[in-house]
Amino acid sequence: MQVRKFLPAVVLAMVCMALSSVSAQTAPAASTPLTAQEREFALQQFQTTHDNFLKSISGLSEKQWRFKPAPDRWSVAEVAEHITVSETTIMGLIQKQVMQSPAAPEKRAEVKGKDQMILERMPDRSHKAQAPEMLRPTGRWATEAELTKAFEESRKANMDYIRTTNDDLRDHFFSHPVFGPMDGYQWLLLLSAHSGRHTEQIEEVKADPNFPKE
């Protein structure tokens, strides 16, 4: 009788152990957040391009703000709008497309080394590209002050995300039309480098010989 009473307990224990084993095998892999060095590096990039952009548009008159070097070229105001719109649009892509894709840590080797390549090639103005329709300037902000405020708010939110996120940005991937597959962290670096690229475009407009003196 004692053996019969003992058997159900043994069976129950074995079932619990089996279920625990299955759970352990099917549980999703633990999230691997950014390292402290990755966060700091990205934040430095974002701070530098933030400062350079705001410096490039500071103190301009209305004539300087609206000046177009040619009918088919953008004014400082239009380039600045493109930078500001991209700040929220690209971050939206990172959060809704890149991070919603299935984690694929096995793809890490495929994008290894692209961090520096993005930072070097994205600002290179010798290769021009057409902005997609949703990122083209349409006069969304009436004044430089309104645009600057919108940019500051978006850039602060993006830097706060980098500073605090536990997302496994290195394990999610989305393809760029020029650079090919990139992980989430590399998309962040691209966002920062994008504003750097177009800050250079603003400086090109300001260097035009017909740029208003005041």
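Author: Happy to! Of the contacts in this protein with a separation of 6 or more, 83% join residues 24 or more positions apart. Please keep in mind that the model is predicted. The protein has 8 helices and 2 strands, and from the N terminus on the elements run α-α-α-α-α-α-α-β-β-α. Of its 214 residues, 43% are buried.

Let's look closely at helix 2. Two packed helices are described by the angle between their axes and the distance between the axes. Helix 2, residues 36–57, packs against helix 7, residues 144–164, at an angle of about 175°, and the two axes are 10 Å apart. Angles over 145 degrees count as roughly antiparallel, and helix 2 and helix 7 are therefore roughly antiparallel to each other. On the helix 2 side, the contact is made by Arg39, Ala42, Leu43, Phe46, Gln47, Thr49, His50, Phe53, Leu54 and Ile57. Helix 7 contributes Glu144, Leu147, Thr148, Phe151, Glu152, Arg155, Asn158, Met159, Ile162, Arg163 and Thr164. Sorted by kind, the residues of this contact are 10 nonpolar, 6 polar and 5 charged.

Leu189 lies in helix 8, residues 184–206, and Leu189 is buried, with a relative accessible area of 0%. Leaving aside residues up to four places away in sequence, Leu189 touches Phe41, Ala42, Gln45, Asp115, Ile118 and Leu119. Ala42, one of these, is also among the residues of helix 2 that meet helix 7. The C-alpha atoms of Leu189 and Leu43 are separated by 9.4 Å, although the two residues are 146 residues apart along the chain.

Asp51 counts as partly exposed because its relative accessibility is 38%. Asp51 and Gly196 are 145 residues apart in sequence, yet their C-alpha atoms are 9.9 Å apart in space.

Helix 4 bends by about 30° at Ser86.

Key: Residues are numbered from 1 along each chain as its sequence is written. This is a predicted model: local features need pLDDT of at least 70, side-chain atom pairs count only at pLDDT 80 or more; totals for chains, interfaces and linings use all residues. Side-chain values use heavy atoms; hydrogens and water are left out. Axes are lines fitted to C-alpha atoms, for helices over the stretch in contact, and angles run from 0 to 180 degrees between N-to-C directions. Helices (H or I, at least four residues) and strands (E, at least two) are DSSP runs, numbered from the N terminus. Angles under 35 degrees count as roughly parallel, over 145 as roughly antiparallel, 65 to 115 as roughly perpendicular and the rest as oblique. Contact means heavy atoms within 4.5 Å. Ala, Val, Leu, Ile, Met, Phe, Trp, Tyr, Cys and Pro count as nonpolar, Asp, Glu, Lys and Arg as charged, and the others, Gly among them, as polar. The bend at a residue is the angle between axes fitted to the seven residues ending there and the seven starting there. Buried means under 20% relative accessible area, exposed over 50%, partly exposed in between (1.4 Å probe, protein chains only).
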